[in-house]
Amino acid sequence: MEGQVEKTQSCGTICLKYLLFLFNILFWLAGGAVLAVGMWTLVEKSDYISLLNSSFYSASAYILIAAGVIVIVTGIIGCCATLKEMKSLLIVYLILLLCIFLLEIIAGVLAYITYQELDEELRQNLKETMQQKYQQPGEESITQAVDKLQQEFKCCGSHNFSDWRGCVWIQAAENERLVPDSCCKTPSDLCGRRDHPSNIYKGGCIMKLEEFFLSQLYILGAVAIGIAFLQLVGMMFTCCLYRNFKEELY
């Protein structure tokens, strides 16, 4: 009877080890996904950083990259702790999971608060940035960001195409354009001389840029919720495995 109990406990421990190992593989993949999203945000969308006074956008990308690396490292520690049956490493792993979980909650609250401030800043500054800095000496990054924004989101100006009438560059005597060439549906040199609806995008960029930033937050939120759920499962498995390991293994 005693041998049967020991065998049952041993089977339970083995099952927990495999479950925790499987969890760590999923956790490692989740960390890779977070890292990839952070890199994509920084590389593909970094031009928009110059349109903001806030460092929220770049900071969020770096946070994602750091979180991805931490999750991957934590997953590796979890695998080592599981395979080598090390109680001390399991404790470290459990503490790391708990810390990441708490940091996710704090980051989520801060992201929501910061988005409200970012949205207000965007509304106040985008029009002024376009009118005062577009095609001005030393503001090449602004010009490139605005052109990319208007082409990628198929928009023109901050609220609408008429915003460009107050642009310093458009008002220059030597300029023949009514809007930048990037407002055109089919961009070509001097196509901005005609502001007819058949030639340019009429809608403004502010709403589309807000939607883009909001979609980024939704991605962050979905990833965070997914990882948080995995962490809760992982912490449960870790506690059970810690309790089930035979005393002589340590």
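Modeller: A definition to begin: helices here are DSSP runs of H or I with at least four residues, numbered from the N terminus. The model is predicted.

Now the patch. Leu22, Ile25, Leu26, Trp28, Leu29 and Ile76 make a nonpolar surface patch of about 560 Å². Helix α1, residues 2-44, gives the largest share, five residues. Ile76 sits in helix α2, which spans residues 56-84. Its relative accessible area is 44%. Buried would need under 20% and exposed over 50%, so Ile76 counts as partly exposed.

For the setting, take the whole protein. It exposes about 13700 Å². Carbon and sulfur atoms supply 65% of that area. There are six helices and zero strands, so the order from the N terminus reads α-α-α-α-α-α. Of the 250 residues, 40% count as buried. Contacts also reach along the chain: among those between residues at least 6 apart in sequence, 72% join residues at least 24 apart.

Gln150 lies in helix α4, residues 140-152. Gln150 has 0% relative accessibility, so this residue counts as buried. Leaving out residues up to four places away in sequence, Gln150 touches Met130, Trp164, Pro180 and Tyr201, among others. Its contacts also include Cys155, Cys156, Cys183 and Cys205. Gly157 and Ser182 are on the list too.

Technical notes: Residues are numbered from 1 along each chain as its sequence is written. This is a predicted model: local features need pLDDT of at least 70, side-chain atom pairs count only at pLDDT 80 or more; totals for chains, interfaces and linings use all residues. Side-chain values use heavy atoms; hydrogens and water are left out. Helices (H or I, at least four residues) and strands (E, at least two) are DSSP runs, numbered from the N terminus. Buried means under 20% relative accessible area, exposed over 50%, partly exposed in between (1.4 Å probe, protein chains only). Contact means heavy atoms within 4.5 Å. Accessible areas come from the Shrake-Rupley method with a 1.4 Å probe; for residues, only the protein chains shown count as cover. Patches are made of residues with over 30% relative accessible area and no salt bridge: like charges are joined within 9 Å, nonpolar side chains (Val, Leu, Ile, Met, Phe, Trp, Tyr) within 5 Å. A salt bridge is a side-chain nitrogen of Lys or Arg within 4 Å of a carboxyl oxygen of Asp or Glu.
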